[in-house]
Amino acid sequence: MTVSSIPGRMSISRFGEDGIRIIFGEEIDLAVHEKVRNFYFYMKSLDLPEIIDFTPSFRSCVIHFNTERTSFEHLSSLLKEKEEQALSPGNTPEPALQEIPVHYGGRDALDMTIVCQQTGLTESEVIAIHANVIYTVFAVGFIPGFPYLGTLDERIRVPRLNTPRTRIIAGSVGIAQGQTGVYPFPSPAGWRIIGRTDVRFFHHDKEPYSLLQIGDKVRFISA
């Protein structure tokens with residue numbers, strides 16, 4: 001695997017035949033996240049015809065490119081040339097804040113009881129803690145529109161299910177380790193479900209398809 005790096009800033013490596021991966025740090029935190037976000041929006045703003053797609057994540061971004069129009073070596077050189085501009089916030093939009101009403105507890109909160117048992121908190125305390133944070137969208141993925149939100153209060157951090165459920169309902173709000181998220185569709189789920197929202201997180205028929213993008217902020221409101 002070919003790897004090159006800009007000390008303390010970017011590490012570049014191949015990602016399959018038509019991909020390049022850029023890693024911006026070793027930790028999952030807001031400082032690394034801002035580098036990912038700045039890079040992602042800057043590179044998209046260039047609208048390069050040889051680029052097929054960008055996939056930003058917690059501490060990296062993958063670029064898929066057209067191998068008939070460019071090469072790993074050429075893109076690596078371009079990234080090094082554009083590094084200063086790419087990591088500055090000049091092309092990065094202000095994050096949107098979305099307030100999401102949540103029906104906590106009840107029959108749709110499949111794991112509220114076990115979360116209370118594992119944390120030693122009451123249901124009201126779990127709800128208050130979960131709704132008392134403005135979360136950052138670190139990544140969107142797994143299924144279209146699913147936001148990985150952090151950082152979860154340590155008092156309600158619980159492990160994932162040992163065996164994921166094969167199907168949960170759309171709008172299920174889950175927590176696991178240091179993250180929380182919302183399942184936009186009926187899908188398998190390995191996180192602990194503590195509530196449900198009626199807000200649609202993905203629209204397949206109109207842009208922007210996903211309600212959230214990386215860097216956006218989310219506040220949950222008990223409905």
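## A strand-to-strand salt bridge

Glu99 counts as partly exposed, at 46% relative accessibility. Partly exposed lies between two limits: buried is under 20% relative accessible area and exposed is over 50%, with a 1.4 Å probe and protein chains only. The model is predicted: local features need pLDDT of at least 70, side-chain atom pairs count only at pLDDT 80 or more, and totals for chains, interfaces and linings use all residues. Residues are numbered from 1 along each chain as its sequence is written, and side-chain values use heavy atoms, with hydrogens and water left out.

The side chain of Glu99 meets that of Arg219 in a salt bridge, 2.5 Å from N to O. The pair links distant parts of the chain, with Glu99 in strand E6 (residues 97-104) and Arg219 in strand E14 (residues 217-222), 120 residues apart. Helices (H or I, at least four residues) and strands (E, at least two) are DSSP runs, numbered from the N terminus. Arg219 is partly exposed, with a relative accessible area of 26%.

## Other salt bridges

Side chains of opposite charge can pair when their charged atoms come close. The structure holds 6 salt bridges. The criterion is a side-chain nitrogen of Lys or Arg within 4 Å of a carboxyl oxygen of Asp or Glu. One of the salt bridges joins the side chains of Arg14 and Glu73, at 2.9 Å from N to O. Arg14 sits in strand E2 (residues 10-14) and Glu73 in helix H2, so this pair ties together parts 59 residues apart in sequence. Arg14 is partly exposed at 31% relative accessibility. Glu73 is partly exposed too, with a relative accessible area of 47%.

Arg155 and Asp153 also meet through their side chains, at 3.0 Å from N to O. Asp153 has a relative accessible area of 21% and is partly exposed. Elsewhere, salt bridges with shared partners join Asp108, Arg196 and Asp198 into one network.

## Helices H1 and H2

Two packed helices are described by the angle between their axes and the distance between the axes. Helix H1 covers residues 30-46 and helix H2 residues 72-86; their axes come within 10 Å and cross at roughly 115°. Axes are lines fitted to C-alpha atoms, for helices over the stretch in contact, and angles run from 0 to 180 degrees between N-to-C directions. H1 and H2 are therefore roughly perpendicular to each other. That term covers 65 to 115 degrees; under 35 counts as roughly parallel, over 145 as roughly antiparallel, and the rest as oblique.

The crossing of H1 and H2 is right-handed: the near helix is turned clockwise from the far one by less than a right angle. H1 makes the contact with Asn38, Phe39, Tyr42 and Met43, and H2 with Leu79, Lys82, Gln85 and Ala86. Contact means heavy atoms within 4.5 Å. The residues of this contact divide into 5 nonpolar, 2 polar and 1 charged. Nonpolar takes in Ala, Val, Leu, Ile, Met, Phe, Trp, Tyr, Cys and Pro; charged takes in Asp, Glu, Lys and Arg; the others, Gly among them, are polar.

## Helices H3 and H4

Helix H3 (residues 112-119) packs against helix H4 (residues 123-130) at about 90°, with the axes 9 Å apart. That makes H3 roughly perpendicular to H4. Met112, Val115, Cys116 and Thr119 contribute from H3, and Glu123, Val126 and Ile127 from H4. By class, the contact has 5 nonpolar, 1 polar and 1 charged residues.

## The surroundings of Phe146

Phe146 lies in the loop between strand E7 (134-140) and strand E8 (147-150). Phe146 is buried, with a relative accessible area of 1%. Beyond its neighbours within four places in sequence, Phe146 is in contact with Ala139, Val140, Gly141, Gly181, Val182, Tyr183, Pro184 and Trp191. Its C-alpha atom is separated by 8.2 Å from that of Phe202, 56 residues apart along the chain.

## Backbone features in loops

A cis peptide bond joins Gly150 and Thr151, with omega about 5°. Thr151 is in the loop between E8 and strand E9 (165-168). Another cis peptide bond joins Glu207 and Pro208, with omega about -10°. Pro208 is in the loop between strand E13 (192-196) and E14.

Asp47 has a positive phi, near 50°, and is not a glycine. Asp47 sits in the loop between H1 and strand E4 (51-56), and is exposed at 65% relative accessibility. Gln177 also has a positive phi, about 50°, without being a glycine. Gln177 lies in the loop between strand E10 (172-176) and strand E11 (179-182). Gln177 is partly exposed, with a relative accessible area of 41%.
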